[in-house]
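This briefing goes through a few local features of one structure. Please keep the sequence and the 3D view open while reading.

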Amino acid sequence: MPTIRFLSADGTEFAVEAQNGRTLMETALENSVPGIIAECNGSAACATCHVVLPEEIMLALGPISEHENDMLDFAEAPRESGSRLSCQVKVSDALDNISVRVPAA
Amino acid sequence: MSEAVKVVDDVAFEELLANPYPVFKRVRDLGPVVKVEAANIMMVTRFDDIMAIERDPETFSSINPQSLLNTVIGPNLMRKDGDDHARERVAMDPSLRPGVVKRCWADSMRAICDDVISQIEHKGEAELFEELAAPIAARALADILGFDGVDWQTMALWSQSLIDGSGNYSHNPEIARKAREAASGVESAVDRMLPHHRDNPNPSMLSSMLQADPAQTVEQIYANIKVAIGGGLNETRDSILTLILGLLQNPDQFARVRAEPSLWGQAFEEAVRWISPIGMYPRRLTRDVEISGTLVRKGEQVGLCVGAANHDDRRFSDPEKFDVFREKKSHLAFGAGSHFCAGTWVSRALVSQIAVPMVFERLHNLRLKDPELVRVRGWVFRGPTHMPVVWDA
Ligand code: FES
């Protein structure tokens, strides 16, 4: 099981065991990581599950859908080069030990 | 030990219509699930309960083939779940994404607002429901659907007739007839417009549905366009009026918003929390389940009262107050879960970035003609229904 290091906006780290196949959003909610609201529960409709990933991982994850790409421009915190909707990223071994930052809204 | 559902049988239906918030408060404090006889529904009214329910669509299903909504408009995405719902939702999303709204719809929405305001600007007084909010909401919706040449009154009539038909639990024949007429009116408009949108791909919803993969059937297009008409007009209309009302009643807050235009978005979110245009929607249980300790049986229907959740004092302090500057917290005015309002981004842009700022910009020294004349009504759908104002023309 990969470990994901969520970094909340105030700098607190939540290192959690994640299950492959679950999304980062689900993993964050199950571990009560603050700042992930996820109003639409993973439908890529609300942009309240915005996270910032390390850039190396972005390449490994492959292209972002047109819909997510559009949505990210309107997340509350400004978009960064590592921005993703956490509901659209599935946990896999490739994500082991990465740090996932929740940007300040 | 799980508790049984408590019952409230001394509330009159008219009380709910006039002002549901005192009833909501009583019900919220009584228990997590309470049957309100006057409305003939089990209400869930606490914020955290609704949020949890919306994360569990397998237990709390939207599927309800027997619902009046399905009878009136045909099988539609509001009463589907999972992949069936997602496929139809994805077919309309390309018209409703926030970036698309900004790039493709903002200019025409601005032109519509400009035109509507120009028609009343010189008069110095108006009734804002009929003369401002309804035409703006209806015309913007017609544009986004791709309905050329349908006037706003027809859009408004279709919308209201479909809503009334979906709530026609007493089977009133006249309401049923009007709903059928609206449904066939919408279908003819779709038939008339489809060839154009097929030949000229564009950002409209009809065009998006035609381009979707898998392609939408005509029945799906009919039904979901009717959902968009029934569910995409009054919310915009009502939130335009509610935001104006909140600011007119609170001049100090208005002054701050006006001085700092980036606050318009925040003001809009507070307006829809304060008086949520959609106050309740149903879910059906697929198994026996406890909602915060209260047992509800498989097959039963619960009404998720998001209007009540948005006034839940466990979450919002002084919830009945309009306060743009309250502590920032998410609300449930757009619902939650996979049925999260598809028109959220359109309404945010239209109401908070275009329509209401333009109203205050153009109608100088806008004020309520007489606070006593303002009417706000409804509980399943709630909003100002009558709002006379004056300004310096
Ligand atoms: S949970 Fe809504 S966009 Fe990810």
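A:Ser86 sits in the loop between strand S4 (83-85) and strand S5 (99-101) of chain A. Helices (H or I, at least four residues) and strands (E, at least two) are DSSP runs, numbered from the N terminus. This is a predicted model: local features need pLDDT of at least 70, side-chain atom pairs count only at pLDDT 80 or more, and totals for chains, interfaces and linings use all residues. Residues are numbered from 1 along each chain as its sequence is written, chains are lettered from A and ligands numbered from 1 in the order in which they are written, and side-chain values use heavy atoms, with hydrogens and water left out.

**Surroundings of A:Ser86**
- A:Ser86 has 1% relative accessibility and therefore counts as buried (under 20% relative accessible area; exposed is over 50%, partly exposed in between; 1.4 Å probe, protein chains only).
- The side chain of A:Ser86 reaches the backbone oxygen of A:Cys49 at 2.7 Å.
- Beyond neighbours within four places in sequence, A:Ser86 is in contact (heavy atoms within 4.5 Å) with A:Thr23, A:Leu24, A:Met25, A:Ile36, A:Cys49 and A:Val51.

**Helix H14 of chain B**
- Helix H14 (residues 264-274) of chain B is largely enclosed by the rest of the structure, because eight of its 11 residues are buried.
- Among the buried residues of H14(B) are B:Trp264, B:Phe268 and B:Trp274.
- The cover over the buried residues of H14(B) includes helix H2 (20-30) and helix H12 (234-249) of chain B.

**Sheet of chain B**
- An open sheet of six strands in chain B has the order S1-S2-S3-S9-S6-S4, with mixed pairing (two strands pair if DSSP finds at least two bridges between them).
- Its edge strands are strand S1 (6-8) and strand S4 (60-61) of chain B, each pairing on one side only.

Terms used: Polar contact = N/O pair within 3.5 Å; in protein donor to acceptor, adjacent residues only side chain to side chain.
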